[in-house]
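Colleague: I am new to reading protein models. Could you walk me through this one?

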Amino acid sequence: MDLLTTDLCDANEGQVRVVEPMFNSFGGRPAFFGRIATLKLFEDNSLVRQALESPGDGRVLVIDGGGSLRRALVGDQLAALGVKNNWAGIIVYGCIRDSRAIGEMDIGVFAIDTHPMKTIKRNVGEAEIPLSFGGVTFIPGEWLYADEDGLIVSAIALHQR
């Protein structure tokens, strides 16, 4: 991605929402963008698997895990599904695991931190709803841009096709 979040912010002041700096980059793709798909869940990644098994079409999966630091919502198997099904990236308001393996995959993955414990499976959560964390609201279908300087969200595409 040749688009820099800093340049996009400068060129689109007042049109972008900047996520508070709380995320670390773990994926092998340090910069990415795409339309937003959302999940809201807590310490249960059943819906994450379902989402990443579906065609990503270059989208970014934004997961509101409640900021939990007690279990990992994404590991190497789920990240590999994201690569296989053409997801541009995954944002986890929570933890991931298998960070070394994920770091070698062609997908963007941002999370608060890592944790070795897997989740429980209850198939509980919500999909494709607005999520609010990091000082912004993530709305399905809007655009997310991410790189080494941070994450920004925009109601409209900020790039040329």
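Predicted model: local features only at pLDDT ≥ 70, side-chain atom pairs only at ≥ 80, totals over all residues.

Colleague: How do helix α2 and helix α3 run relative to each other?
Modeller: Helices here are DSSP runs (H or I, at least four residues), numbered from the N terminus. The axes, lines fitted to C-alpha atoms over the stretch in contact, with angles from 0 to 180 degrees between N-to-C directions, come within 8 Å for α2 (residues 46-53) and α3 (residues 76-84) and cross at roughly 25°. Because angles under 35 degrees count as such, α2 and α3 are roughly parallel.

Colleague: Which residues of α3 meet α2?
Modeller: Contact means heavy atoms within 4.5 Å. From α2 come Val48, Arg49, Leu52 and Glu53, and they meet α3 at Gln77, Leu78, Leu81 and Gly82.

Colleague: Is Cys95 buried or exposed?
Modeller: Buried means under 20% relative accessible area, exposed over 50%, and partly exposed in between (1.4 Å probe, protein chains only). Cys95 has a relative accessible area of 1%, so Cys95 is buried.

Colleague: And how does Ala11 count, buried or exposed?
Modeller: Ala11 lies in helix α1 (residues 5-11). With a relative accessibility of 64%, Ala11 counts as exposed.

Colleague: How many disulfides are there in the whole structure?
Modeller: A disulfide is a pair of cysteine sulfur atoms within 2.5 Å. A search of the whole structure gives a count of zero.

Technical notes:
Residues numbered from 1 in each chain as written. Heavy atoms only, no water. Helix = DSSP H or I, 4+ residues; strand = E, 2+ residues; numbered from the N terminus. Parallel < 35°, antiparallel > 145°, perpendicular 65-115°, else oblique.
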